[in-house]
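This report treats helix packing, a sheet and a chain contact in turn. The structure comes before the discussion.

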Amino acid sequence: MISDLLSMTVLVGILASGIRLATPYLYAAIGETFGQRSGVLNLGVDGQMLMGAFTAFYVAIKTGNLWLGILSAMVAGALMGLAMAFVTVNLHAEQGISGIGFYLFGLGLSDLLFQKLLGTVETVKGFPKIQIPFLSDIPVVGEIFFRQNVLVYIAFALVPVAWFILNKTTLGLKIRAVGENPEAADSLGVSVARIRYFTIILGGTLSGVAGASMSIALVNVFQQNMTSGLGFIAVALVYFGAWRPWGVLAGALLFSLVNSLQLWIQVLGIPIPSDIAVMMPYILTILVLVATVSRVRAPSALTKPFERGD
Amino acid sequence: MADSNILPSGHTRIDDLEMREITKIFPGVLANESVDFSVHAGEVHALLGENGAGKTTLMKILYGLYHADEGQILLNDKPVEILSPTDAISQGIGMIHQHFMLVESLTVAENVALGLRSSREPLTDLDKVSERILELAKIYGLIIDPSAYIWQLSVGQQQRVEIIKALYRGAALLILDEPTAVLTPLEVDEFFSIIRDMAKDGHGLIFISHKLHEVIDISDKVSVLRDGRKVGTYQTKDATKADLARWMVGRDVDFRPEIEKVELGEVRLEVIDASCRSNRGTPGLENVNLEVHSGEILGIAGVSGNGQRELAEVITGLRDITGGRIELDGADITKLPPIDRTDRALSYIPEERMKDGMIKNFTVAENLILREHHKKPFSNGGILNLKAIASHSADLITNFQIKTPSQETPAKSLSGGNIQKVVVARELSREPRVIIAAQPTRGLDVGAMEYVRERLLEERKSGTAILLISEDLDEIFALADRIAVIFEGQIMGIVGREEATPEKLGLLMAGVKEGV
């Protein structure tokens, strides 16, 4: 049975769905990267994703317009981010605890809204696969990379964009400075609060899209806690990727491929207990974090509220 | 250059800056009370005062970090509002903070560019910035590599980056907040010559300090602050060190206390052939031999990082010894853990008082019993005796003149001098037989420094053996009976107080043995 995994069709299948499954990780983890580079650890990603997933699903079902769904998911995520920014930047709340609060809030509210507004499990016709002309015809490669839905392409395009913003723009310079030494940035007239508001809201927006990418592109349903902790893995991926977009991409691919592998193991009926298979990505998270965390240095001001000295 | 009002950096000179009747109140503290202060192009104006006298507050108001409750600021006789550092910068005022405001993980050019409009927004223009940095560096004689990361630079180089950062932003007037605190003596000399050149070129410079000899060295004028009020402004050339100290502290200060002759007693502490490793794994100490007698202060002089820390830690048991022995009152304590050494009346005033000398979130009372907490009367069978602790700390607060709102105040909220008094009170009140005092007065203001030195001399008189580790030669000369010079983990020589001259010690500190 194990040999089934080695057939060409299955390998291509594993890789193709691995690429697809990386989508929510990428949106969420790239968003989280911006937050953490500016010194804010947002543990509420999963809650923001659930809100995004529900909002996109609901709007898409009611209007039949998937892009409107994406847009509303972005707004929902941004609003969650705004609240997080207020609590952590203005009220100087402990970031870890308030993030968990926002996670639970998003988890509860998305389910409540689902029960009140929809009640039954429905499916939506999600984003279709787009075959990129010519590229999708390349054997193997085309099937793996170029027959995906639009959100997958955008997610991968986000990686170089994020890298460019962080490293080549004045905004990125400010974000990095605020995350390393907010006092220094402040003394040069950079508004620490404004930068952190921006990154947290951006993170929320992208988390919203991450959720939407699940509910209206990947699985095309909404159900309670459908992310099942994926947002937390996204946070871990930021550490794994050493706060760099390309590192985050590598991490996202690693996890989604393992995830895809375990799905195929179940599909093919390979006799590994499904519980063990499902655990694989999570165990991998822990192992990888243990192996990498001591190797890299986090932004110095990560999790530290900023207040002008007195 | 004198007749033009353009600085070499291309920016306009600030001929006069005046702060009038500045008052600033923090909850419960009057930080500045109706202070007048002014500075003119081409002069170095020192702002002198003890810690907490209100120097930094006044300058943070000028730089827009704080807002004055009353008073006004005039620039070339015109009133200006400075509400933020951005306002200050746009008026040509730059500030170099005591703790550098640099982002270590960024390059020099990135640190300079931070917060400025780029010529190709939204992209950075680091090449252009680097060019301009090199240009400024050339004009002002500040050698720096724009592409170096801050963490790669020495403290002196980092300070140059700070100066360039200010010049780049068009600073005509520079506020220097205790700029020498972190520099080595050689770096101080270089820094002073940069300051002099900048003044000559028409910059105005404000030099905040509590170090009298530096103020005398570098400034043209000096304003003295005490308890938030200005004592006066004087021409530096007319003032002596004793004058400045009196204005600053409000009474006469004794810099070289009389040292009474004390009969040398038995050897209390003996370090025999001690070796250990440094934190980096390199040799920290190599075959060090020392003995300290009852009633004696043995000074350890040397440039920072030559094994002083290792020596203190090997004696107190905080660092593993790799060879040799330590004897206390003739008993071998080499293998004893720190607490057993403590219990044999070994006291330790560590170099990093906030980190190693106390627990900053603990109250003053708790910090005062840290070393004795496991003993009666402070605890019995593991239960703390709060009454005994309270009365003990009340005694020490009075006896050691610790200024604290209450004994329940967290130690971290005291001033630097009072924090050190807490450590000194704890270590001296337990009738020590041997004291290891590492940099006991570093960073303290004159009053606290004088106090700590007097207490150490009292201990000496009562027969305690004291090992005084200090990078401040003045302090070694003021207190030590004998002086051992440490260099790269080895004792280069031990000289008596009478034969010791700065030249002789300087050579040893540089690793040159006598007769070579």
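The crossing of H1(A) and H6(A) is left-handed, a term for a near helix turned anticlockwise from the far one by less than a right angle, clockwise being right-handed. This is a predicted model, in which local features need pLDDT of at least 70 and side-chain atom pairs count only at pLDDT 80 or more, whereas totals for chains, interfaces and linings use all residues. Residues are numbered from 1 along each chain as its sequence is written, with chains lettered from A and ligands numbered from 1 in the order in which they are written.

**Helix pair in chain A**

The axes of helix H1 (residues 8-37) and helix H6 (residues 150-168) of chain A come within 8 Å and cross at roughly 25°. Axes are lines fitted to C-alpha atoms, for helices over the stretch in contact, and angles run from 0 to 180 degrees between N-to-C directions. H1(A) and H6(A) are therefore roughly parallel (angles under 35 degrees). Helices (H or I, at least four residues) and strands (E, at least two) are DSSP runs, numbered from the N terminus.

Residues of H1(A) in this contact (C-beta atoms, placed from the backbone, within 7 Å) include A:Ile19, A:Leu26 and A:Ile30; those of H6(A) include A:Val152, A:Phe156 and A:Leu166. By class, the contact of H1(A) with H6(A) has twelve nonpolar, two polar and two charged residues. Ala, Val, Leu, Ile, Met, Phe, Trp, Tyr, Cys and Pro count as nonpolar, Asp, Glu, Lys and Arg as charged, and the others, Gly among them, as polar.

**Sheet in chain B**

Six strands of chain B form an open sheet in the order S16-S19-S20-S13-S21-S22, with mixed pairing (strands pair if DSSP finds at least two bridges between them). Its edge strands, S16 (346-349) and S22 (490-496), each pair on one side only. Strands S19 (residues 434-438) and S20 (residues 465-469) of chain B run parallel and are joined by five bridges; B:Ala438 has B:Ile469 in S20(B) as its bridge partner.

| Helix | Strands touched or crossed | Angle |
|---|---|---|
| H9 (residues 308-316) of chain B | S13, S16, S19, S20 and S21 of chain B | about 155° with S19(B) |

**Contact between the chains**

The contact takes 19 residues from chain A and 22 residues from chain B. On the side of chain A that touches chain B, the largest share, seven residues, comes from H7(A).

Methods
Angles under 35 degrees count as roughly parallel, over 145 as roughly antiparallel, 65 to 115 as roughly perpendicular and the rest as oblique. Two residues are in contact if their C-beta atoms, placed from the backbone, lie within 7 Å.
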